[in-house]
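Trainee: Could we go through the charged pairs of this protein together? I would like to see the model first.

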Amino acid sequence: MTTSSEPIIQVNQNILEMEYAVRGPIPQRAAELQREGKPIIFCNIGNPQALGQPSMTYYRQVLSLVEDPSKIQRERQLKQLFEESPVSELKDDDFISDDVLDLSEQITRMTKNGTGAYTESKGFDFIREAIAEFIDKRDDVEGSGGVKSDPEKIFLTTGASGGVKYVIDLLIADPNDGIMIPIPQYPLYSASIKKAGGVQVDYYPDEDSDWTFSRDVLDESLDKARQQGVMVKGIVVINPGNPTGAVLNRNSIDEVIQFAKENGLVIIADEVYQENIYNGEFISFAKALGDLKVPLFSLHSISKGFYGECGHRGGYLEVRNPPKVQGSDLDFLDLLLKQASVSLCSNTAGQLLTYLMVSPPEEDSHSYVQFVQEKKNILRDLRKKAAIVREAFAQMEGVECFGETGAMYLFPRLNKLPEGKTDFDYCLALLEETGLCTVNGSGFGQKAGTNHLRIAFLPPTPLLEDVLPRWIEFHNRYVNSYRTE
Ligand SMILES: Cc1ncc(COP(=O)(O)O)c(C=O)c1O
C-alpha cells in the first residue's frame, strides 16, 4: 500500500519516451527568457503568422462571413446604402466585394447546418470534391492522361498531422513493424512511430549532393532493417523537405515509387510545402505514380505555403490504391473512416480554409488581383529572407548549407564546433546570447559525427537584419573560443 499523498500512475511508455524537438528544451528555455523580459526571435517552428506573416484577405473575409452569415446580408445593405448616398471618406474598395459575398452565401448553403455542427467524418462532401478537382488540375491529369483523384478517397484532417497519425497507427500492427523515414526528418514521424509502438527505420539522403538519394541508400536501409527482423511496411518522403528544404527531382521520386513497388511498401508523401518552392518545380507523388498500383497516402495542409493558417488546423489526406486489410473484407479506406469517425470530424474552420486553399478566386473576379498580389508578396518575401540568411552563413566559419531553398527552413551544417560541444550546446548558447531560437540538428536526426541547426526563415526582414550580424559575431567567437591547444 502506498503512503504517499501524491497519486502515482503508470503511463504509456511510448508517450513517455516520445520526443518533439521543435517544442523541446531550447524553445522551452526561449519561452522562459521571454517571460524574464528578453526579446526572443522564434525561428524554431514554421508558424508564419506568429512571426508577422499577414493572413490572406480573401480567406479571412470568406471564413468570417461563413462563420456569421448574418453579416453577408448586412454587408449587402451597407453597400447599397453607400451606392445610394456615397460618403466621401469611403471608397468602393472599402466594402467586401460581391464575389466574396456570393461565395460566402454559396458555401453557407453547402454547409447546410452551418459551421457549428459536426460534419461527415471525412469532412464536407463539397470540399472533398473541390480537393479532387484541385489535384487533377495541379497534376494536369487531363493533359497528361493521368489518373483522376477520387473524392471518396479524400479525408479532411486536423492539419496534415492528423492524417499522418491515422496512417501510422494503421500500419504499425506489431512492435516489429517499421516505417522508413528520411534522416533528418520532421519529428512528427519519429514521434508518431514511437507512440504507435513501431520501429523507426532511417534512410539517409546525401547532404553533399543536395539531399538527393539513390536507390542504394533505400536498399541499404531496408536490408539492414530486415536483417534485424523488422517488417518494413512503408516509406515516408517529405517533399519539399523539412528540415532540409530540399526539393525532390523526378528521378528521386521515381526511385522511391519503384522501390516501394518492388518491396511491397506503402508511400506516405508529405507535400505540405508544395507552394514553398522558390526555384524549380513541384512534382507530386500522385502525378509520378500514374496508374502504378502502389498504395499512396499524400498529405497537404493549410499551415504552410503562402496561407500560413497553422492555428486553424486544416489539411487533407488523399489515398490511392488503398491496400486490403489482412484477414478481413475491409480495406484501408474503411479503417481510415473508422478512425475519423471516432474523432467525429475535423474542425469546420480548418475544412473551410482547405476549401479556399484549393479554390482560389477566379481570374475574372474582383478579388483575384488582390489575392495574387498578396500571394506574390508573401512568397517573394520568404525567398528574400532565405537569401539573407544564406548570405550570413557565408560569413560564418565552417558553415555549409546544401540544396536549393524550399519549404521555410535552412539546415546548415556546423563543421567547426569546438571539441566536446554539440549542436544542442551551440543552439542554447546562441539563444542565450542573441535571443535567436533555432533547433539543434540532433532534434531531427542527422548522420553520426555531423552537427546542424534548423532555422525557420520567417521573421520580418528588419528583425533578421538586426540579429544576423550578432549571430555571425557569436558564431565566429564560439567556434574559436573553446579550442584546446
Ligand atoms: C513536413 C511537415 N509535415 C507536417 C507538418 C504538420 O503540419 P500541420 O500543421 O498541417 O499539422 C509540418 C509542420 O511543420 C511539417 O513541417
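This is a predicted model: local features need pLDDT of at least 70, side-chain atom pairs count only at pLDDT 80 or more; totals for chains, interfaces and linings use all residues.

Trainee: Thanks! Is Arg215 buried or exposed?

Mentor: Residues are numbered from 1 along each chain as its sequence is written, and side-chain values use heavy atoms, leaving out hydrogens and water. Buried means under 20% relative accessible area, exposed over 50%, and partly exposed in between (1.4 Å probe, protein chains only). Arg215 has a relative accessible area of 17%, so Arg215 is buried.

Trainee: Which residue forms a salt bridge with Arg215?

Mentor: A salt bridge is a side-chain nitrogen of Lys or Arg within 4 Å of a carboxyl oxygen of Asp or Glu. For Arg215, the closest N and O atoms of the pair are 2.8 Å apart. The partner of Arg215 is Glu262.

Trainee: Which residues are linked with Asp125 and Arg128 in a network of salt bridges?

Mentor: The side chains of Asp125 and Arg128 meet at 2.6 Å, N to O, and both lie in helix α6. Asp125 is partly exposed at 35%, whereas Arg128 is buried at 3% relative accessibility. The network also takes in Lys122 and Glu152.

Technical notes:
Helices (H or I, at least four residues) and strands (E, at least two) are DSSP runs, numbered from the N terminus.
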